[in-house]
Amino acid sequence: MNVLESVNATLSGTVLPIFLMIAGLVLGRREKFFYILHPAMLVHDLKDAAAGGGVSPARALSVALAGTLGVGNISGVAAAIGSGGAGAVFWMWVCGILVMSVKYAEVYLSQKYRQCGANGYYGGAMYYMRDGLRRCLGRRIACAVAAIFAFLIAANSILTGNIVQVNAAASVFSKIPPIYCGAAFAVIAAITAAGGLRRVSDLTVRMIPLLSLAYIMLSVAAIIHCRSRLGSAFRDIFAGAFRFEAAAGGAFGFGVSRAVRFGITRGIFSNEAGCGTAPSAHAAAAAKSPHHQGCMGIFEVFADTIVLCTMTALVMLTWGAGGTEFGIGEVMAAFGDALGSWAAVVIGISVVLFALATVVCQSYYGICAIEYFTDARSARFLYIAFFAASSVIGSIISSGVMWQLADLIIALLTVINMGCVLAIFKKKL
């Protein structure tokens with residue numbers, strides 16, 4: 001346990017944030033930072049992404065967003081402020097802008113190296129590793145790297161994408177037995193996952209826009225209620241941005257804002273931009289070109305970090321957050337104090353629904369990983385059964401070695417994927 005904690009502290013606290021930010025600069029240079037220098041081009045290509053037929057780019061985006069938007073957008077930002085002060089928010093913005101280029105690159109590659117089957121397009125990071133690394137590493141090594149990565153995605157879907165999410169959701173309402181929450185998640189996830197990408201996207205395309213809009217509206221209302229403190233909140237963000245502890249907290253919080261890693265308040269660096277899970281969703285999109293779907297990936301990071309995380313940060317700062325231990329309970333309290341107890345209940349329900357969307361999305365990622373090894377229906381349904389059982393386990397288990405393992409898996413995913421993306425992606429816009 002102590003060894004895992006030490007390794008994870010080094011990887012997640014220092015190595016991964018620096019590695020990902022450097023990768024963002026390198027890939028951004030290759031892309032000529034078009035999304036910053038030519039925003040009109042980005043907006044135009046977002047509107048004009050669909051090619052017709054198959055899974056639409058918007059549906060694929062909704063699935064990917066379900067994997068990134070979640071409990072961490074609420075509790076993770078609170079943890080960032082608690083660990084690094086208000087200045088941490090500034091560094092979350094910086095990291096978000098930099099890794100947009102990372103997201104674009106991995107989504108672009110998922111489209112370029114995707115496969116075509118009887119049910120349409122499919123793919124993911126393991127496919128661009130297998131086919132894209134052959135020239136520089138050889139067929140055997142490329143296939144081995146892809147196989148290891150697929151295994152890690154399946155493991156991550158069980159641990160980080162399911163058990164941790166359900167554990168956090170079950171802790172929201174203490175009066176409801178946790179196992180009921182786990183059982184409900186298990187049934188919904190199993191039924192949805194069994195229906196494939198179409199059924200998963202049917203759920204996420206309805207849930208994610210409504211949940212995001214509701215959360216933004218509540219956040220705006222809470223910020224307006226405390227508007228007299230808004231100016232000081234922004235002053236604190238920029239004034240504290242260049243203190244060492246704020247920068248460190250920002251890098252930590254940027255990772256926590258993507259997914260809950262240890263119960264509610266602890267987390268590691270994992271923002272879907274870099275760890276290679278989202279390409280499985282984007283590969284299935286019937287987009288006009290890899291570039292067009294890559295723009296969807298950029299929007300994914302924008303919606304997650306720049307919009308939703310900022311909303312949470314401003315609510316916490318105008319509420320007057322202080323201290324070092326923050327989680328979902330403190331965020332619910334902030335909304336409750338600003339708008340009334342009903343708002344805290346709505347936020348609690350939103351947390352549960354965000355977690356459910358993430359669990360459903362991660363079940364699809366896990367199935368994609370299993371199908372990389374075999375097309376056997378028995379393997380698919382065995383995975384779904386195990387995934388459902390894990391939801392129940394996640395609702396009642398306490399934190400321990402499992403969270404450390406989840407942290408380590410995310411770190412390994414990110415290191416492997418970013419190394420491969422940097423080796424394969426050579427496009428210059």
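**Note on the salt bridges and overall build of the model**

1. The side chains of Asp 48 and Lys 288 form a salt bridge, with N and O 2.8 Å apart; the term denotes a side-chain nitrogen of Lys or Arg within 4 Å of a carboxyl oxygen of Asp or Glu. Asp 48 sits in the loop between α3 (39-47) and α4 (57-68) and Lys 288 in the loop between α14 (279-282) and α15 (290-319), so the pair ties together parts 240 residues apart in sequence. Helices are DSSP runs (H or I, at least four residues) and strands likewise (E, at least two), numbered from the N terminus.

2. This is a predicted model, in which local features need pLDDT of at least 70 and side-chain atom pairs pLDDT 80 or more, whereas totals for chains, interfaces and linings use all residues. Residues are numbered from 1 along each chain as its sequence is written, and side-chain values use heavy atoms, without hydrogens and water.

3. The whole structure holds 6 salt bridges. Among them, Arg 380 pairs with Glu 371 at 2.8 Å between the closest N and O atoms. Arg 380 is buried at 16% relative accessibility, while Glu 371 is partly exposed at 31%. Buried means under 20% relative accessible area, exposed over 50%, and partly exposed in between (1.4 Å probe, protein chains only). Shared partners also join Lys 103, Glu 106 and Glu 300 into one salt-bridge network.

4. The protein has 19 helices and 2 strands, and 58% of its 429 residues count as buried. Leu 159, in helix α9 (residues 139-170), is buried at 12% relative accessibility. Its C-alpha atom lies 9.5 Å from that of Ser 391, 232 residues away along the chain.
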